[in-house]
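I opened this notebook to keep track of what I looked up, one topic at a time.

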Amino acid sequence: MLLSIIYVIGITAEAMTGALSAGRKNMDWFGVMLVASATAIGGGSVRDIILGNYPLTWVQHPEFLLITCVAGIFTTWVAKWVVKFKGVFIRLDALGLAAFSIIGCQKGISMGLHPGICIVAAIITGVFGGLLRDLICRQAPLVLHQELYASVSLVVAGLYLGLLHFGVSDVIATVSTLIIGYLLRMASVRFKWRLPTFTLNMEGSVH
Amino acid sequence: MLLSIIYVIGITAEAMTGALSAGRKNMDWFGVMLVASATAIGGGSVRDIILGNYPLTWVQHPEFLLITCVAGIFTTWVAKWVVKFKGVFIRLDALGLAAFSIIGCQKGISMGLHPGICIVAAIITGVFGGLLRDLICRQAPLVLHQELYASVSLVVAGLYLGLLHFGVSDVIATVSTLIIGYLLRMASVRFKWRLPTFTLNMEGSVH
Amino acid sequence: MLLSIIYVIGITAEAMTGALSAGRKNMDWFGVMLVASATAIGGGSVRDIILGNYPLTWVQHPEFLLITCVAGIFTTWVAKWVVKFKGVFIRLDALGLAAFSIIGCQKGISMGLHPGICIVAAIITGVFGGLLRDLICRQAPLVLHQELYASVSLVVAGLYLGLLHFGVSDVIATVSTLIIGYLLRMASVRFKWRLPTFTLNMEGSVH
């Protein structure tokens, strides 16, 4: 299945970028494997814990966890190469984001959830891995500041649900939203598309 | 039901104060919605995940999530007004804290849990939203430093359990603990009541 | 049962070291109890939430939560003594780490999980308490930088699984891995054994 292949590519790419964050914080190998795995499969794990969808994917398929740990350690040897081929990783990450979002949406559908919650499941799958990485590495959560990221999940999931609703086959819906999600993410990186930012400078805080 | 109305008011007020925290960190709209929702419905979500009480409230009632997201974005337009009417939000927050605590306690009772765990469920419901907000916004967790907050949850839940134990009707127990919790929180803000603080300056740390 | 006694000693020692971290951040009594409890029983809680193994131990046995809260508050009175007898706590922590790891591994076995996931369950039990403590106290997660910690969990769990696999009785497997885990942790503290560290100084980040 196309989505499974892209999923494996996606978690590998995510794990490698997570390992780079761990390296910037001088973590040891365990830290590298933890951050790599949290980045790659943390989003799906948070989604399944929130939805009560047990067992988690990697508990049932430990090979996914093995992939992210190996990818993390491997990154410590090829870090310079990884940083050099930054563009490749941005592309793989964009593909992964689209794939993660569709997978998250499918989980929601298979549990018979409200379409709005399916979209939320897609966003959590796409975004919470990076959020966990930034929490563990104690850096400002990039997905809350940067180019369109959660919005890509939202568009991908909404489009996927809409296509299915209008009777489009699952294969065509998957492939077309994958492509659109990929292009939307790449365009937003390229043209620095962002959501409006809310800036509050006042001292008089409520809390 | 009185408690439901106060719950909706409470999550709206909490979402708006969460959005202000996001604004102080220059987050984008997605960040605003995330922090607003985590502040407002994060406490109940953590409680239900810890208790294994699925499905989560907002998964079953997506309208609550819609309310917190809309309240968050709305806050970006009326931030100055929100900051100006700080007193109103402190009052709504106090009411929400009392309502969240009673709701958390009721969840524990309905699951047949030990009274001590019902009180813990009340505290988690009341406190963890603010804790999540401060984690995501990378600021010192206020509930661990400031005026009585968790303690109000403790008193509200203990009183509620005690009144039910002595045969007081649910309506009277709810209304009276709501009022007492509200007054206790407002008094502790007013008179700066705090729990004793533990300050350790030594360098010789165990960890 | 030996393991239960060591478990209670372990959570008490962990709670006391957690309370010291809270004291270094000037937290109030609620913060002290929260950090103490998160440090002591947070690892097991995260493990059970990830595995969907409900109810959590302390929800079923609230006395464990009582122990950690009392130990936390008690620490505020005897902090100087605790800091002075640092060596005792390092020993109790090493014993606790070995016990937590075996308990985590046993949970995985009793749920019929893959051996690799049993080892992950052991590591989560041993490590995530300290990780939660450092997240709440906003300090660099020590387990990702310092002497062998997660690795001790890994060795303990792997050895325990191996001994059971080769038909060694549960009592002998438990006692021998407890001793080996304790000695390995103490040796790594003594001789400053560490995992290799991954340090990345480059500016050209992917994320």
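The entries below follow the order in which I looked things up.

**Entry 1: the kind of model.** I noted before anything else that this is a predicted model, and I read every value below with that in mind.

**Entry 2: how the copies are related.** I began with a general point, that two copies of a chain are related by a rotation about an axis and a shift along it. I then looked up the pair A and C, and found that chain A can be laid on chain C with an RMSD of 0.0 Å by a turn of 120° and a shift of 0.0 Å along the axis. The two copies are therefore related as by a three-fold rotation axis. I also asked which C-alpha of chain A is nearest the axis, and it turned out to be that of A:Ile49, which is 4.2 Å from the axis.

**Entry 3: where chain A touches chain C.** In this contact I found 32 residues of chain A and 28 residues of chain C. On the side of chain A, the elements that give two or more residues are α1, α2, α4, α5 and α6 of that chain, and α2(A) gives the most, with seven residues. Sorted by kind, the residues on this side of chain A are 21 nonpolar, seven polar and four charged.

**Entry 4: where chain C touches chain B.** Here 33 residues come from chain C and 28 residues from chain B. The elements of chain C that give two or more residues to this side are α1, α2, α4, α5 and α6, with the largest share, seven residues, coming from α2(C). I wrote down 22 nonpolar, seven polar and four charged residues for this side of chain C.

**Entry 5: which surfaces meet.** Only 6% of the interface residues of chain A are also interface residues in chain C, so the copies meet through different surfaces.

**Entry 6: the nonpolar core.** The largest nonpolar core has 225 residues, and those with the most contacts inside it are A:Val35, B:Val35 and C:Val35. I followed A:Val35 and, leaving aside its neighbours within four places in sequence, listed some of its contacts, among them A:Gly18, A:Ala22, A:Met27, A:Ile136 and A:Cys137.

**Entry 7: helix α7 of chain A.** This helix, residues 150-165, has 16 residues and reaches 22 Å from its first C-alpha to its last, close to the 22 Å expected at 1.5 Å a residue. Its buried residues include A:Ala150, A:Val152, A:Val156, A:Tyr160 and A:Leu161. What covers the buried residues of α7(A) includes α5, α6 and α8 of chain A, together with α2 of chain B. The helix is followed by A:Gly167, whose phi is positive, near 80°.

**Entry 8: helix α8 of chain C.** The 21 residues of this helix, 170-190, should span 30 Å at 1.5 Å a residue, and the end C-alpha atoms are 30 Å apart, which agrees. Where do the buried residues of α8(C) fall, seen down the axis? They include C:Ala173, C:Thr177, C:Leu178, C:Gly181 and C:Arg185, and the buried residues fall within an arc of 165°, so they line one face of the helix. On the other side of α8(C), C:Val171, C:Ile172, C:Ile179 and C:Arg190 are exposed. The cover over the buried residues of α8(C) includes α1, α5 and α7 of chain C. Just after α8(C), I noted that C:Lys192 takes a positive phi of about 55°.

Terms used: Residues are numbered from 1 along each chain as its sequence is written. Chains are lettered from A and ligands numbered from 1 in the order in which they are written. This is a predicted model: local features need pLDDT of at least 70, side-chain atom pairs count only at pLDDT 80 or more; totals for chains, interfaces and linings use all residues. Two residues are in contact if their C-beta atoms, placed from the backbone, lie within 7 Å. Helices (H or I, at least four residues) and strands (E, at least two) are DSSP runs, numbered from the N terminus. Ala, Val, Leu, Ile, Met, Phe, Trp, Tyr, Cys and Pro count as nonpolar, Asp, Glu, Lys and Arg as charged, and the others, Gly among them, as polar. Copies are superposed by least squares on the C-alpha atoms of residues with pLDDT of at least 70 in both. The expected span of a helix is 1.5 Å times one less than its number of residues. A residue is buried if 20 or more other C-beta atoms lie within 10 Å of its own, exposed if 12 or fewer, and partly exposed in between; C-beta atoms are placed from the backbone. The arc is that of the directions from the helix axis to the C-beta atoms. A nonpolar core is a set of buried Ala, Val, Leu, Ile, Met, Phe, Trp, Tyr and Cys residues joined through C-beta atoms within 7 Å.
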